Amino acid sequence: MADREITYTEAAREALTDAMERDPTIFVLGEGIGARGGNFNTTLGLYERFGPRRLRDTPICERGFVGLCTGAAMTGTRPVVDFMFIDFILDSVGELTNQIAKIQYMTGGRLKMPVLLRGCVGIGGGAATHHSGSYYPLFVNVPGFRVVVPTTPYDAKGLLATALRCDDPVLFLEHKSLLNVKGMVPEQDYQIPFGQASVCREGTDVSVVAIGPLVPKCLAVAEHLAGEGISMEVIDPRTLAPLDLDTILTSLRKTGKLLVADESFGPCGVGAEIAAQVMEQGFDDLAAPVRRLNGVHTPTPYSPPLEAAVVPSNEQVAAAVRNLVAE
Amino acid sequence: MDKSTALSLYTTMVRIRRCEEQLARSYAAGTITGACHTYVGEEAIATGVCAHLRHDDAVFSTHRGHGHALAKGVPTRELVAELFGRATGCSGGRGGSMHLFSPEVGMMGTSGIVGPCILQATGAGYSFQLKQTDQVGVAFFGDGAVSNGAFHEGINLATIWDLPVLFICENNMYATEVAFKDSARNTDVAERAATYGLHAEAVDGNDVAAVYAAAEGAVARARSGGGPSLLECRTYRTRPHAEGMRDGGYRSQEEIDSWKARDPITAFSKAIIDAGTVTAADLQAVDDAIVAEVADAVAFATDSPWPDPATVADHIFAGSATGGVA
């Protein structure tokens, strides 16, 4: 079977289709994911193939259907909740954190919790403040979740395939600016384990851990800065929980400098967590403090110039890298 | 009602009553930490409903769940050991009273949060419908859950999708100390549920035969693809909301006494003796056996080991850290 170039959305949909063919207990719930095929085409064509009980359109009641999926996962099926915009998950935070995250623990593993919770995150297209969040710290801080943040079509398919076989609750978070990105993807089924970062570009002067849309931005900046004699190593963690710290530490041993670039907020964010872990376990390899580049800590505004102003730009990434190299 | 059924119902109610009285004593003695919400006075509901359930039916309960656990088949030893915090408890000491789990008998959790059980029972119904089995999901909740969004969302989802679910509202008129009449203009839960398109009926929750009959119909409806039902079982708890809390102040002694006079166990004993279904000696034999069973459970729990602190971080996840494979 050959690799071919498809979009991130198509790649993820392949993983979902393959899994639904193989496993009749998988079903999808969400608003508009039935005959319509999903606002982001996440389930395009699946309703015709698998029918209305496995592609179930819901009323607008996120707490209700997330709670429903909790009970379903406890009784032998594998629910997929497709939130469309991940912001809508907030209406179900109680079910998520007090129930889904805790049931395996309270039952000593006698009950599994194979719930997949997917949705589009992030800023872009004027979606504004109710449709632009990421919420990573919530999912990473609560014990019990796997948090998956693929940035390429290849990773999206392989990680979703793993998520659909995983007996733990998984947050599968797809940045809306990456959905139409194209990349080479094998036709066959394959899985990428959680907790394995990808070194997207090797370098020797500075390690940059990039999340989501900052991955392509950092790669573009790396290409540009190579012309200035700066060699950037770009690491895509691919999963935030579990986090592959070893790959980051190995990189740091080489470069001595670490920048975490993330569109989402700084306070208590993923960058703060990585910085703390690196300080604890890689202190002797640090030639400078760990630096973070985050989006502005504000609700997301609507107007295009305002929206652009709250997201780290390529220029800001380049400046942060240059400053770190100079430290 | 035949003798076998009558004795079975009587046994379950007495088991719950004696166990709850023991747990109340243990709580007062300091053997139980955390919360302990007893089910005294409400035994007919768990008993009458669970009599129609199999181990592969799924019960989801609330903070006042010891009666549901026992009626569903959690061994008395495992309930007491759990509240004593021992490793032999049904949740391995990890849950306590409000997080009782025994999936082996379809006891899918009591809960410290009001509302989720309604949604989870609906989800169990979803699984059973998808897998095309005749299993049912059951949610037990109180009047306090009726004003919560989970009630609205859960019964709506079950109804639009014809899911095999029983919603059992144990209306004891108070949510902690807040009277239901102060939380809702319409306190007729069955009437409210019916407006969703759901089959709903009000039942005397202190009459185990009435609960048994209503539940029989509701379970049969669900198993045969007839969809969900709600039973509003009107009852009363004659002990405080939780052990260690005050009993009065928000309700009168006259009210409490009037419901004690409608004790479900006393009423049922009299009914089945008067009908000639059983003899007083039959019931005494059950009473004696239950007293011994509860004493055995306390001894078992007292002698059981504590959970090992080295295991405190186990079972957060099912698979390995790398995600596992199906």
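**Exercise 1. Describe the largest pocket of this predicted model: its volume, its lining and the elements that supply the lining.**

Solution.
Step 1. The largest pocket holds about 470 Å³ of space, in a model that is predicted.
Step 2. Its lining consists of 25 residues. Those nearest the centre are A:Val140, A:Leu240, A:Ala241, A:Glu273 and A:Gln277.
Step 3. In chain A, at least two lining residues come from each of helix H6 (136-141), strand E12 (239-241) and helix H10 (270-282). H10(A) gives the most, with 5 residues.
Step 4. By type, the lining of the largest pocket splits into 17 nonpolar, 6 polar and 2 charged residues.

**Exercise 2. Describe the second largest pocket: its volume and the residue types of its lining.**

Solution.
Step 1. The space in the second largest pocket is about 310 Å³.
Step 2. It is lined by 15 residues, and A:Gly133, A:Ser134, A:Tyr135, A:Ser264 and A:Phe265 are the closest to its centre.
Step 3. Sorting the lining of the second largest pocket gives 7 nonpolar, 7 polar and 1 charged.

**Exercise 3. Decide whether A:Gln99 is buried or exposed, and list its contacts.**

Solution.
Step 1. A:Gln99 is located in helix H4 of chain A, which covers residues 93-100.
Step 2. The relative accessibility of A:Gln99 is 6%. The cut-off for buried is under 20%, so A:Gln99 counts as buried.
Step 3. With neighbours within four places in sequence set aside, A:Gln99 contacts A:Thr70 and A:Gly94 in chain A, and B:Ser111, B:Ile113, B:Pro116 and B:Gln120 in chain B.

Note on methods:
Residues are numbered from 1 along each chain as its sequence is written. Chains are lettered from A and ligands numbered from 1 in the order in which they are written. This is a predicted model: local features need pLDDT of at least 70, side-chain atom pairs count only at pLDDT 80 or more; totals for chains, interfaces and linings use all residues. Side-chain values use heavy atoms; hydrogens and water are left out. Helices (H or I, at least four residues) and strands (E, at least two) are DSSP runs, numbered from the N terminus. Buried means under 20% relative accessible area, exposed over 50%, partly exposed in between (1.4 Å probe, protein chains only). Contact means heavy atoms within 4.5 Å. On a 1 Å grid over the protein atoms alone, a cavity is a set of points where a 1.4 Å probe fits but cannot get out, and a pocket is an open set with protein on both sides within 12 Å along at least five of seven lines; lining residues have an atom within 4 Å of a point. Grid points are joined across faces, edges and corners, and a volume is the space filled by probe spheres set on the points. Ala, Val, Leu, Ile, Met, Phe, Trp, Tyr, Cys and Pro count as nonpolar, Asp, Glu, Lys and Arg as charged, and the others, Gly among them, as polar.
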